[in-house]
Amino acid sequence: MAMDGKRLQQVLLNLVSNAAKFTRDGVVTLSVNARHAGEFCELHISVSDTGIGIDLAQKPDIFDAFQQIQTEGGSTGLGLFISQRILMAMGASLDVSSAAGQGTTFSFALSVPVMEGAGETPGSRPASPAPRHRTAAALVAAIATPADAALDELAELALHGRLTDIEGWISRHTDHSVHAQFTAQLLDRLEQFDFAGIHKLALQSRRGTSSTRR
């Protein structure tokens with residue numbers, strides 16, 4: 001399991017923002033617990049609120065329920081969906097507990113390797129050579145992606161800025177965890193409404209000749 005600090009920050013911001021939207025008069029709490037386990041550190045992270053909550057017996061799909069409420073309020077409702085996809089890319093999963101009128105808690109666990117030399121004072125170890133930077137195309141090529149026909153469709157949707165249709169495309173073509181890393185990159189761009197970036201990602205991800213398409 002690998003942890004991406006930037007992505008983890010995005011997950012936490014999404015969860016805290018989501019909790020705040022449903023908690024007008026109450027408390028939002030971010031809790032982080034760490035336990036050392038050999039060469040790994042187990043992180044247990046949760047975001048709790050005392051907001052409206054949802055009756056899980058009536059709404060078994062909690063993610064769909066919250067997204068529907070946010071959409072009705074004028075928001076895209078993508079925060080939880082994005083967070084779940086990012087955590088899947090890191091080998092984790094977002095859990096939820098909720099009760100109507102009592103609040104909601106979203107939580108997840110990460111087991112991450114302890115960095116070599118953690119805790120040493122600066123300058124106590126010689127600096128390691130900086131890793132060579134890989135090109136964006138090389139990074140894309142290193143991860144699993146949907147079929148070329150699906151990527152062509154995505155490029156076309158991005159070209160016309162069709163946000164809702166792109167959300168539908170994600171549901172149809174990236175359900176399997178094998179595409180989790182690609183999906184995390186896609187959702188990062190979608191959250192920023194970077195349609196040009198989505199278009200470029202789709203073309204670079206094609207297994208055939210993609211650079212000539214527009």
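The axes of helices H6 and H7 come within 12 Å and cross at roughly 165°. Because angles over 145 degrees count as roughly antiparallel, H6 and H7 are roughly antiparallel to each other. The model described here is predicted.

**The pairing of H6 and H7**
- H6 passes H7 in a left-handed crossing.
- On the H6 side, the contact is made by Leu163, Ile166, Glu167, Trp169 and Ile170.
- H7 contributes Phe182, Thr183, Leu186, Leu187 and Leu190 to this contact.
- By class, eight residues of the contact are nonpolar, one is polar and one is charged.

**The nonpolar core**
- The largest nonpolar core has 41 residues, and those with the most contacts inside it are Phe108, Leu154, Ile166 and Trp169.
- Among the elements that each supply at least two residues of this core are helix H1 (5–21), strand E2 (40–49), helix H3 (79–89) and strand E4 (103–113).
- Helices H5 (148–159), H6 (163–173), H7 (180–191) and H8 (195–205) also each supply at least two core residues.
- The largest share of the core, six residues, comes from H5.
- Leaving aside residues up to four places away in sequence, Trp169 touches Pro146, Ala150, Leu151, Glu153, Leu154, Leu157, Thr174, Phe182 and Leu186.

**The loop residue Ala144**
- Ala144 lies in the loop between helix H4 (136–141) and H5.
- With a relative accessible area of 31%, Ala144 is partly exposed.
- Ala144 touches Val178, His179 and Phe182, not counting residues up to four places away in sequence.
- Ala144 and Phe182 are 38 residues apart in sequence, and their C-alpha atoms are 6.9 Å apart in space.

Methods: Residues numbered from 1 in each chain as written. Predicted model: local features only at pLDDT ≥ 70, side-chain atom pairs only at ≥ 80, totals over all residues. Heavy atoms only, no water. Core = buried A, V, L, I, M, F, W, Y, C linked by side-chain atoms within 4.5 Å. Buried < 20%, exposed > 50% of the residue type's maximum accessible area, 1.4 Å probe, protein only. Helix = DSSP H or I, 4+ residues; strand = E, 2+ residues; numbered from the N terminus. Contact = heavy atoms within 4.5 Å. Axes fitted to C-alpha atoms, helices over the stretch in contact; angles between N-to-C directions. Parallel < 35°, antiparallel > 145°, perpendicular 65-115°, else oblique. Left-handed = near helix turned anticlockwise from the far one by under 90°. Nonpolar A, V, L, I, M, F, W, Y, C, P; charged D, E, K, R; others polar.
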